[in-house]
Amino acid sequence: MRELELVADCDRCFGLCCVLLPFHRDSGFAVSKQGGEPCHHLSPRDRCEIHDSLREEGWPGCAAFDCFGAGQQVSQVTYGGVSWRDHDDLGEMAAVLSVMRQLHEMLAHLTEVLRRSPAEDAAEMRAEIVALTHADPHSLLRADLDEVRRRVSPALREATVRLHGPGRPMPDDLAGADLRDQDLLRADLRGALLIGADLRGCDLSHADLLGADLRDADVRSARLADAWFLSQAQLNTARGDAATTVPAHLTRPGHWRDAPAQDGGSRTQ
């Protein structure tokens, strides 16, 4: 059983997200389509023909999406290299991709725990989930993801407490809030609504960002490198710049290069 890749590798995937997932015009896609219908920008080689200009072409939803490496796992392992073009049940394949993506996301967070605050229970859970990701489609679809998540979630929180103590309580709804005056060190922002929030220049070191909604959040010059459980998908939906620090295992989004210069930043410097 080879070590899992938790970063998307489109060269080893059959463009599954472009085919199996539904698109909705009001959710960041230029057109709407049903699940199982190939995107009209998908080439015969299963590559996106506008990948380098998705945002400019009106597809920010695609630019923000991240499968955590589930696409190539489903393509090459679960279905043994059989493309969606040669499979007779795209509904099953779509459901398997959804399950695999959730498993890979949990694995990504458990891997972070083992890197930053190792614990035996986290290692055991990671091994169990890795084994599940190598199961056949029917076994994957029978998996109780809610039960898996109920076990993983406290292990993630315990990791942050071991290193930094309890997180600083924060409101759940911070959409559009100006947080530049807030002390966000060790902030508990798990699941917080941060859509359009102003986080310019904020230090989010050791903050728990698991599941936080960062769509259009302004993170220019923010310190995100030491935040907990930040994902590539979250970064892709935010607005940062060259001064924003990001975790070493994530990639600075390409559209951040075009961000306007920081015009004020934190007032707590």
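How many residues does helix α5 have, and how far does α5 reach from its first C-alpha to its last? Select residues 120-133: α5 has 14 residues and reaches 20 Å, close to the 20 Å expected at 1.5 Å a residue.

A quick note before moving on: this is a predicted model, where local features need pLDDT of at least 70, side-chain atom pairs count only at pLDDT 80 or more, and totals for chains, interfaces and linings use all residues. Residues are numbered from 1 along each chain as its sequence is written, and side-chain values use heavy atoms, with hydrogens and water left out.

Still on α5, show A122, M125, R126, I129, V130 and T133, its buried residues (buried means under 20% relative accessible area, exposed over 50%, partly exposed in between, with a 1.4 Å probe and protein chains only). Look down the axis of α5: these buried residues fall within an arc of 140°, so they line one face of the helix. They pack against α3, α4, α6 and α7 (contact means heavy atoms within 4.5 Å).

Next, select F23 and W59. Their ring centres are 5.7 Å apart with planes at 75°, so the pair is edge-to-face (rings of Phe, Tyr and Trp, the last by its six-membered ring, pair if their centres lie within 6.5 Å; planes under 30 degrees apart are stacked, over 60 edge-to-face, the rest tilted). Both F23 and W59 are buried.

Last stop: W228 and F229, a tilted pair at 5.2 Å centre to centre and 50° between the planes.

Key. Helix = DSSP H or I, 4+ residues; strand = E, 2+ residues; numbered from the N terminus. Expected span 1.5 Å × (residues − 1). Arc of directions from axis to C-beta.
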